[in-house]
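Hi everyone, thanks for making time this morning. Please have a look at the model on the screen, and then I'll walk you through it.

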Amino acid sequence: SRGVFSKEAIDLEAHLHAQFLSLRRVFQAHSKAEDDLIWPALREKAWRDGVARESLECALEEDHSDEEYIFAEIEGLLSLLEKGCNPTPPPPSSSSSSSPAATGAASTAATAATATPLPNVAETTREALRLLSELEGLAICAAENMIRHLQREETEVLPLIQRCFSREEMARLVGTILGERPGDLMDTILAMMFRNLTPECT
């Protein structure tokens with residue numbers, strides 16, 4: 001039987017879900033590089049070279065749990081939306097007996113299964129709109145959090161890195177980070193970068 005949503009809507013949901021999973025994977029790689037490589041190296045270098053510990057800890061006081069919570073919520077809503085776009089059909093009826101009575105019962109059951117009513121269009125549409133509204137709010141929240149995250153790195157962390165590391169040391173650190181990322185992840189990151197270039201940068 002036909003579902004409530006058009007093929008275009010189903011394809012759009014699948015594309016949105018795939019794009020979100022790519023973004024989440026990129027963010028997790030970004031966070032891992034900070035936690036595993038950048039912060040430890042910066043702490044060691046800064047403390048050894050006498051950078052004020054208070055200013056360093058203030059700059060590095062960062063927690064990724066808020067973003068991860070939002071990503072998990074978005075993933076849950078997208079999964080619900082995907083389930084609504086692709087409802088599970090009723091299981092086929094089966095019979096272990098070949099007697100006429102059993103055959104007649106199986107035929108009646110099969111007819112009842114094929115006559116199962118379609119999902120209520122109005123209810124399904126309302127639920128989809130509710131999920132989309134929640135997704136919109138979470139997407140805005142995630143964008144705001146990520147903008148604050150990146151702005152803080154630009155204004156507080158990057159100056160510390162430039163102060164503590166030579167160009168050669170920074171190049172080695174970047175090389176280590178990139179060397180730990182699989183090729184398909186780098187393809188995703190580069191595709192995102194090129195897709196979001198401004199006309200002035202192209």
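Predicted model: local features only at pLDDT ≥ 70, side-chain atom pairs only at ≥ 80, totals over all residues.

Let's start with the largest pocket: 38 residues line it, and those nearest its centre are V26, H30, M146, L150 and E153. A word on how a pocket is found here: on a 1 Å grid over the protein atoms alone, a pocket is an open set of points where a 1.4 Å probe fits, with protein on both sides within 12 Å along at least five of seven lines, and a lining residue has an atom within 4 Å of a point. The elements that give two or more residues to this lining are α1 (7-48), α3 (65-85), α5 (121-164), α6 (167-179) and α7. Helix α5 gives the most, with 12 residues. The space in this largest pocket comes to about 1,500 Å³, where the volume is what probe spheres fill when set on the grid points, joined across faces, edges and corners.

What kinds of residue make up the lining of the largest pocket? They divide into 29 nonpolar, 4 polar and 5 charged.

Residues are numbered from 1 along each chain as its sequence is written, and side-chain values use heavy atoms, with hydrogens and water left out.

Now the overall layout. The protein chain has 7 helices and 0 strands, and from the N terminus on the order is α-α-α-α-α-α-α. Helices (H or I, at least four residues) and strands (E, at least two) are DSSP runs, numbered from the N terminus. Of the chain's 202 residues, 25% count as buried. Buried means under 20% relative accessible area, exposed means over 50%, and partly exposed is in between, with a 1.4 Å probe and protein chains only.

On to the charged pairs. Side chains of opposite charge can pair when their charged atoms come close. The rule for a salt bridge is a side-chain nitrogen of Lys or Arg within 4 Å of a carboxyl oxygen of Asp or Glu, and by this rule there are 7 salt bridges.

Take D11 and K7 to begin with: their closest N and O atoms are 2.7 Å apart. Both sit in helix α1, 4 residues apart, about one turn of the helix. D11 is partly exposed at 39% relative accessibility, while K7, at 58%, counts as exposed.

Which residue does R25 pair with? Its salt-bridge partner is D184, with the closest N and O atoms 2.9 Å apart. R25 lies in helix α1 and D184 in helix α7, so this pair ties together parts that are 159 residues apart in sequence. R25 is partly exposed at 34% relative accessibility, and D184 is partly exposed as well, at 43%.

In helix α5, R130 and E134 are 4 residues apart, so about one helical turn separates them. Their side chains meet in a salt bridge, at 2.3 Å from N to O. R130 is partly exposed at 37% relative accessibility, and E134 is partly exposed at 34%. Salt bridges that share partners join E127, R130 and E134 into one network.

Next, two contacts between parts of the chain. T124, in helix α5, is buried, with a relative accessible area of 18%. T124 and F5 are 119 residues apart in sequence, yet their C-alpha atoms are 9.1 Å apart in space. D35 lies in helix α1 and is partly exposed at 38% relative accessibility. From D35 to H64 there are 29 residues in sequence and 9.7 Å in space, C-alpha to C-alpha.

Last stop, the surface. L190, M193, F194 and L197 form a nonpolar patch with about 400 Å² of accessible area together. L197 lies in the segment after α7 (183-195), and L197 is partly exposed, at 37% relative accessible area. Patches are made of residues with over 30% relative accessible area and no salt bridge: like charges are joined within 9 Å, and nonpolar side chains (Val, Leu, Ile, Met, Phe, Trp, Tyr) within 5 Å. The areas come from the Shrake-Rupley method with a 1.4 Å probe, and for residues only the protein chains shown count as cover.

Technical notes. Nonpolar A, V, L, I, M, F, W, Y, C, P; charged D, E, K, R; others polar.
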